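The exercises below are to be worked with the sequence and coordinates at hand. Each task is followed by a solution in steps.

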Amino acid sequence: MARIIAGVASSHVPAIGAAIDNKKTEEPYWKRVFSGFEKSKEWMAETKPDVAIVVYNDHASAFSMEIIPTFALGCAAEFPPADEGWGPRPVPVVKGHPALASHIAQSVILDEFDLTIVNKMEVDHGLTVPMNLVFGSPQKWPCPVIPLAVNVVMYPPPTGHRCFMLGRALRKAVESYPEDLRVVVFGTGGMSHQISGPRAGLINSKFDKAFLDNLTKDPKKLTKIPHLEYMREAGAEGIEMVMWLIMRGALDDKIDEVYRFYTVPASNTAVGHIILENRRKAGKHGKLKHAAARAKLDVRRG
Amino acid sequence: MARTEQAYDDIPGTFVFDAERAKEGYHLNMFCMSLMKDENRKAFKADEGKYLDRFPLTPEQRDAILKRQYNRMLELGGNIYFTAKLGATDGHSFQHIAAIMTGSTQDEYAKMMLAGGRSVEGNRSKSGLDLPGKSGKGKKAKRAKAEGKHKKSKKSKSKSKKAGSKRG
């Protein structure tokens, strides 16, 4: 049986991708950002998931104004990096997992989540930047990826509650897949930022930190945040944080926060990052338990 | 046609890209989208007016594009992820566009971000009717007081603790 072992949330600021692509990661400004992901890379190398489901949003790359799916599941065998106006990012083609993706689509649609199925799609920085942050910049990505694109560009995005419940349905779908796969779910975007209009540059660290706290200890509270409050408190584009709730919904109630990082700014945005592990471990994956315990010792910060 | 008023129109300095704006700005955004292709970028740069003739824009939208009035584009239905492609076509970084939208220089804008960004305090609401979030209760109450909303602030201060914990 497949199962979800952990969730990772991370901002997906495009300038982070540009810093990687232009080899600026050692500059002090960027080092401050990237140093926060060193432990995450170690954790990921140790955890070695078989599949990653990456919840992200497209930024007018694959989807223009012509088609705006609220939830779009990538079921293709591969997803090339999109040309976002300055050529595609020099990252490996993202390999999909069509069998698990189709199974998920079938399961969640019957669970009343009417997903759009996408069999051809390019992926932009929204997906590839978080992958770089936790997988580094390898020649090829270490595991297949199922992209789940969420509309947060045109108002209204799905509600936080809907996202959380989709996460629940994702978990059920994964757990009914017969192959023994260990799956990590990514929630990306955020944290507080506004990149449009005269209020651009808004950052609200208090909101962000409370969000991180509650992601661990009281996610249901987060599912009640109305869109108006996200936009007012965390900036018009801070509403992307609803995507983190899909990740959290896909995890168990009982989780361990194994790592957290927060810094301001990366370009126009507050960067937040958290790793949550499901507490329940199947017997045959005792090794994982050991790895998790060790990661916790190494990684846990205040 | 007057825009239907929405609760989020109370957020200062913000143009929420909702269905109404998306409808109004469809062709403006599709123009921006066309700039994803190099041949189109070249054609646009060679003769902006002629290139814009390909799109059924309103005169206001056309004018805002030609003058690079980024806030005006948002007001007329543009979306930032699309209009940023126009900025990129001009060879500008995102912070350059952000600086224009906020009426500051790029240097000032970058400094503000490095210093922690624009504070939410005083930037939540045009009407002053904003609900205090979990953050900045004290300051919020103070601000409300300064704005002559004393009657309200006392109440909202005692209430905000409860509301804050409810909303997270």
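**Exercise 1.** How many helices and how many strands are there in chain B?

Solution. The model is a predicted one. Step one is the count: chain B has 11 helices and 0 strands. Step two is the order along the sequence, which reads α-α-α-α-α-α-α-α-α-α-α. Step three turns to burial: chain B has 168 residues, and 37% of them count as buried. Step four takes the contacts in chain B between residues at least 6 apart in sequence; 50% of these join residues at least 24 apart.

**Exercise 2.** Classify the packing of helix α1 of chain A against helix α5 of chain A.

Solution. Helix α1(A) spans residues 14-21 and helix α5(A) residues 125-135; their axes lie 9 Å apart, at an angle of about 60 degrees. The pair is therefore oblique, because the roughly parallel class ends under 35 degrees and the roughly perpendicular one runs from 65 to 115. The crossing of α1(A) past α5(A) is left-handed. On the α1(A) side the contact is made by Pro14(A), Ile16(A), Gly17(A) and Ile20(A), and on the α5(A) side by His125(A), Thr128(A), Val129(A) and Asn132(A). Sorted by class, this contact has 4 nonpolar, 4 polar and no charged residues.

**Exercise 3.** Describe the side of chain A that touches chain B.

Solution. First, the totals: 40 residues come from chain A and 48 residues from chain B. Next, the elements: α7, α8, α9 and β9 of chain A each supply at least two residues of this side. The largest share, 5 residues, comes from α9(A). Last, the classes on the chain A side: 20 nonpolar, 11 polar and 9 charged.

Note on methods: Residues are numbered from 1 along each chain as its sequence is written. Chains are lettered from A and ligands numbered from 1 in the order in which they are written. This is a predicted model: local features need pLDDT of at least 70, side-chain atom pairs count only at pLDDT 80 or more; totals for chains, interfaces and linings use all residues. Helices (H or I, at least four residues) and strands (E, at least two) are DSSP runs, numbered from the N terminus. A residue is buried if 20 or more other C-beta atoms lie within 10 Å of its own, exposed if 12 or fewer, and partly exposed in between; C-beta atoms are placed from the backbone. Two residues are in contact if their C-beta atoms, placed from the backbone, lie within 7 Å. Axes are lines fitted to C-alpha atoms, for helices over the stretch in contact, and angles run from 0 to 180 degrees between N-to-C directions. Angles under 35 degrees count as roughly parallel, over 145 as roughly antiparallel, 65 to 115 as roughly perpendicular and the rest as oblique. A crossing is left-handed if the near helix is turned anticlockwise from the far one by less than a right angle, and right-handed if clockwise. Ala, Val, Leu, Ile, Met, Phe, Trp, Tyr, Cys and Pro count as nonpolar, Asp, Glu, Lys and Arg as charged, and the others, Gly among them, as polar.
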